[in-house]
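The sequence and structure come first.

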Amino acid sequence: MIDVYKIREDFPIFRNQPDLVYFDNGATTLKPQCVIDAVSDFYLRHTSNVHRGDYPVAAVNDRLYDGTRAVIARLLNCGEKEVVFTHNATASLNQVAYGLGKNFLKPGDVILTTQAEHASNLLPWYRLQKDYGIKIEYIPLDKEGNITMEAFEKTMHKGVKAVVIAHVTNVLGSVQPVKEIAAAAHRYGALVAVDGAQSVPHMKIDVKDLDVDFLSFSAHKMCGPGGVGVLYGKYSLLEKMEPVFMGGDMNARFESCGSVILKNPPVKFEAGTPNIEGVIGLRAAAEYLMDIGLDNIHAYEKQLRSYFIEKMKKLDNIEIYNADNVYGPVDFNAKGVFSQDAAGYLASRNIAVRSGNHCAKILHEVIGTDSTVRASLYFYNTKEEVDLCVEACRDISVENAIGIFF
Amino acid sequence: MNEKMSMLNDPAVLREVIMDHYQYPRNHELTKEEGYRSVHMASDSCIDDITVQSKITGDIVEDIRFDGVACTIATASTSIMTELLIGKTKEEADLIIAEYFRMIDHQDYDADLLDEAVAMQNVYKQANRIKCATIGWNAMKQMLEESERQDV
C-alpha cells in the first residue's frame, strides 16, 4: 500500500493551499513537482518546435516528445506507433467518431452506447446520426449505471458496427466489463471504442488484454498538464482512418492539383504544432504513476472510497446514488438541497466538489435525479480529508447554503 | 430610509428573504394564456434551467411568471424580480434591472429602488454564482428589449 503522506510531499499545492480538501479529481487532478518541472524545463531550458529543427535543442524535444510514445505504450501495453497525441480526450473521441463515420460506417449502421456517457462520447455520435444517417442504440443500465453482460447480449445484434462506452463512467463510477464486451462485440464484427478518461488514471490498463480497438484519455486527469489527450488505436485501424485535422507535419507531400500524401500514423493525426511541453509533462506524469504503481493506486482509492461511503451512509440528510459500486466517485445529494447549493456550502468549508449533471445529461433518465454532488478521490487524498468532508456534509442544509452569502 | 429598508440592512432578515422566496417562490407557475412572451434560460448554464414569461401591455409590465429547476439563489432572485417588476412601467423596470446589475457587479446602487432584491448584495463574492443571481433578471431584460424593438 502507498504512503499517502509521503506522496503529498510531491504536490506543492498542498503546501500552498494547506486547508484545501480537493475532491474534484474527476474534473482534473493536481500536479506533482516532477510534472511541473518537466513543463517548466521546456520553457526554461529547451524551447523549440518538434520535427522541424536541425539544432541541438530541437533534437532534445524530438527525443522527449516522440519518446513519450514509448512511455505511454508501456502504460497501456501497446505499440509506440499506436499512440496518438491529441488536445484532450474530447479530441480523441471526436477523431474516432469522425474516422469511423468517414471510413468505416454506412447509413443505417448502428452505434451501441449507454445513457451514462459523458457528452464528449455522445455528441460526436449524434452528429454522425445527423450527417451520415447512422443509428444510435443504448444498452440498458442497472440503477447504479452498470452494464451487465446479459443486458449487453440482449441489445447486441448484427447491425451494430461499433460499441462506444466509457470504461469507468464519470458520474457513478461504474466499472464496465470492457474485456467481455469487446470479446462479444468482436464476435459480431463490431469495433469497440472506449472512453478511458476516468479509468486510465486510476487502474492498470492493458489494451491487448482488453482487446479494445480505440481508447481515449486526457493527461490532466492523471496528474499531467492540460491540453493533451491520447488516442490509442490498433495500428491497422489508424492506417485506415482519416484525420480530423489537416495541416503541417502530418503530410508527406502535396501538389497544387490537390493531391496529398499523408504521413503514417500516429503523426498523420497530429496536424500543426502539438502541445509539446504538455506531452513532455504527460511523460513525467505517466512515469510518476507507474513508479507508484497503478495497482497500488487502485487498491488505495478503493479502500478510501469504501471508508468514505460507510461514513456517508450514516448521515440521515444524505442520499447516495452509487453506494453499491465499489469504485469511482461518491455521488450524492443532501435531501431537499439543490446540488449547487450543497457544493457552495462545502466550498465554504474548503471542500472542492463538483455539482450538476457532470456533462452526462441523459443519465437522469437512469438515476432519476437531474443533478448531484460528486466527490471524486485520487491517491493523494486521505482519511482525514474524508472525515472533514463527511462532517461538512452533515451540516448541509438550505439555511447553511444561503448562509454563505452573509 | 423607511423602516422596511432599515430592516433590509440586517443579514438575518436578508437570509430569511432568500429562504422565503426559495421555499415559497412567487408567481411560480407558467401560463398558456395568450399575450405572454417566454424565454427559456437554458443556454447560459447547464445546471439552472428556468423559463420566464411576461405580459407586457403597452407601457406596463402586467405579469411575470417563472418555473424550472434551479438553486436557492436562482430561484429566490427570480421570484423577487417578479414581485418587484409586476405593475411597473417598462421604463421603471429598466431602471430597476440596471440598478440590480450594478449591485451584482459590486458598484454603488440605490437600495431603495431594489427593495428585497438587496438580499443578493453579496453574491458578487461568489463569482460562480453570479449566473444564478442574474438568470431570471436577464430573461426579463431580454423580453423588455424585445418588446421595445417591436413597439418601434
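A cavity here is a set of grid points where a 1.4 Å probe fits but cannot get out. The model is predicted.

## Enclosed space

By this rule there is one cavity of 30 Å³ or more. The volume of the largest cavity is about 160 Å³.

Its lining consists of 15 residues, and those nearest the centre are His202(A), Gly328(A), Pro329(A), Ser376(A) and Leu377(A). Eight of the lining residues are polar, four are nonpolar and three are charged. Domain 1 (4–29 + 293–403) and domain 2 (35–291) of chain A each supply at least three residues to the lining of the largest cavity.

## Second largest pocket

The second largest pocket holds about 250 Å³ of space. Lining this pocket are 22 residues, with His118(A), Ser120(A), Ala197(A), Gln198(A) and Lys221(A) nearest its centre. The lining comprises ten polar, seven nonpolar and five charged residues.

Helix 5 (residues 89–103) of chain A contributes three residues, the most to this lining. The second largest pocket lies between domain 1 (4–29 + 293–403) and domain 2 (35–291) of chain A, because both give residues to its lining.

## Ser199(A)

Ser199(A) sits in the loop of chain A that runs between strand 6 (191–195) and helix 9 (207–210). Ser199(A) counts as buried because its relative accessibility is 0%.

Leaving aside residues up to four places away in sequence, Ser199(A) touches His167(A), Val168(A) and Ile205(A). With His167(A), the side chain of Ser199(A) also makes a side-chain to side-chain polar contact of 3.1 Å.

How values were computed: Residues are numbered from 1 along each chain as its sequence is written. Chains are lettered from A and ligands numbered from 1 in the order in which they are written. This is a predicted model: local features need pLDDT of at least 70, side-chain atom pairs count only at pLDDT 80 or more; totals for chains, interfaces and linings use all residues. Side-chain values use heavy atoms; hydrogens and water are left out. Helices (H or I, at least four residues) and strands (E, at least two) are DSSP runs, numbered from the N terminus. Buried means under 20% relative accessible area, exposed over 50%, partly exposed in between (1.4 Å probe, protein chains only). A polar contact is a pair of N or O atoms within 3.5 Å; within protein, one must be able to donate a hydrogen and the other to accept it, and residues adjacent in sequence count only if both atoms are side-chain atoms. Contact means heavy atoms within 4.5 Å. On a 1 Å grid over the protein atoms alone, a cavity is a set of points where a 1.4 Å probe fits but cannot get out, and a pocket is an open set with protein on both sides within 12 Å along at least five of seven lines; lining residues have an atom within 4 Å of a point. Grid points are joined across faces, edges and corners, and a volume is the space filled by probe spheres set on the points. Ala, Val, Leu, Ile, Met, Phe, Trp, Tyr, Cys and Pro count as nonpolar, Asp, Glu, Lys and Arg as charged, and the others, Gly among them, as polar. Domain bounds come from an automatic or database domain assignment.
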